[in-house]
Amino acid sequence: MDSVLHVLKECSLLAWEKGKPSLEVAFSSPTMLAPLSGRMRMQDGKRTVWLGPEQIVLLRPGHSVTICADKNESPPVCRLSFESYRLAEHDDEQLVYRNDRSCLPASGWVTNRLPYRANVLLNELSHACQQASAHGQTAEQKQHQRLFKEMMELALQYEITPELDWEPSIQKAVTYIEENYRSPITRPELARLAGFHTSYFSTLFAKKLGWGYSEYLNRVRIDRAKEHLLTSAMTVNGAYDDEQLANLKADLVLAPTYFYYTPGRMKRLQNIAPVLALEWDKLDPLAELRLVGKLIGREREAERWIERYQAQVETARKQLQKLIDRGDTAAVYELRHDGVFIWNKTARGAYNLYDALGFRPPESVHRDVLVPGRHLWIAADRLPEYAADHMFVIDARDDHGAGVHGLSLPAFEKAPGQVYALELNEFWSSDGLALERQLHIQTNCLLRGGAE
């Protein structure tokens, strides 16, 4: 049985008034707001927060905010009003739930970037609720509750990051630690900086980051020291299983800094080997390789690999010069059961297309994916808006069907450009060695496509 229930009361889209780029919203029950596309700016008189289609904000009753559109466009914003209940009594004959909002975050809580599945659920909920009857506990309403339950589980399991925290005091404390970790830092000193009593500050800090103050400070100091002093060899494993990684007897584990916000995962890794946390998804693959080479004392080997890779890129560019010169566009897509992902240049071999070979993205991909620097999920029927002359498609479904180049999705079968099917296991990573292998695969696809 569930000890806590979140029951959906109303799902609707915010109604923008024609010609007005903002609207005031007040709440009589706990409510989540989520832009389904585009961006919106939210103000509550104290702070301004920007939200994109992969984020959700929770607001409690009595809290009112002003929602403003970005660039005079009024994005569709899903409004989910609900109530929370906790199991109070139970026996063989009955379960008794009572209203209890203590399990909810503070008003103004904003999620970090959520998985694409959350956006899918929001779109499904918004569409289904507009079509459903408002009377009785129909089968449709039960379906709405199921979708809402899954969406809440996704949203609430993601810790907010300091830069999105509604309470700026924690951001101030984290920034101070990052800038002054070499100097003595005391808990009372940080508490005064944040404007809180020491004990309350400790509780709030741990709640927001998932790490105690001392743990977080020590981790920052250790990671910065490793970055400068590390000279030993290492073993790296990307998508890992705890037992498999332990069997490798790794000297060091590289982990992304966002693992700090899921501390259980980081602490499991620390039981396997020393962990070095690096900013992930920020550097291009070559800069990242140079950094790792410097950390482990293999700078010459890293540069030799980069020289080899760049020579292969130059050869490929000469082979593909006709396609590049005529301005052909290219993009990387991932086919899933509930839609299509479009990848930015940090994943799935897209770096090869744009930065290495010099292919242009479609204007829509440039605008919505590369400029904001984020991957984009779209419904399958929107694919024509993002079609390219050369479409590299990774089939990430469990059951691959037969169709154009092995793809069964009608949207790709009707795509105006060349469609190339790629294997997920060959394009899972974007490290140096993977990038080199992917370059050969993509070049062969483009040579074949250009000849057809």
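Select S22 to begin: at 34% relative accessibility, S22 counts as partly exposed (buried means under 20% relative accessible area, exposed over 50%, and partly exposed in between, with a 1.4 Å probe and protein chains only). The model in the viewer is predicted, so that local features need pLDDT of at least 70 and side-chain atom pairs count only at pLDDT 80 or more, while totals for chains, interfaces and linings use all residues. Residues are numbered from 1 along each chain as its sequence is written, and side-chain values use heavy atoms, with hydrogens and water left out.

Stay with S22, which is found in strand β2, residues 22-26 (helices, H or I of at least four residues, and strands, E of at least two, are DSSP runs numbered from the N terminus).

Next, select K9 in strand β1, residues 4-13. K9 is exposed, with a relative accessible area of 56%. Leaving out residues up to four places away in sequence, K9 touches S29, S81, F82 and E83, and P30 lies 9.8 Å from K9, C-alpha to C-alpha, at a separation of 21 residues in sequence.

Now move to helix α9 (residues 285-295) and helix α10 (residues 299-319), whose axes come within 7 Å and cross at roughly 160° (axes are lines fitted to C-alpha atoms, for helices over the stretch in contact, and angles run from 0 to 180 degrees between N-to-C directions). That crossing makes α9 roughly antiparallel to α10, a term for angles over 145 degrees. To display the contact, select L286, L289, R290, G293 and K294 of α9 together with E299, A302, E303, W305, I306, Y309 and Q310 of α10. Coloured by class, the contact of α9 with α10 has six nonpolar, two polar and four charged residues (Ala, Val, Leu, Ile, Met, Phe, Trp, Tyr, Cys and Pro count as nonpolar, Asp, Glu, Lys and Arg as charged, and the others, Gly among them, as polar).

Finally, zoom out to the protein, where there are 15 helices and 17 strands. Of its 452 residues, 45% count as buried, and among contacts between residues at least 6 apart in sequence, 69% join residues at least 24 apart.

Terms used: Contact = heavy atoms within 4.5 Å. Parallel < 35°, antiparallel > 145°, perpendicular 65-115°, else oblique.
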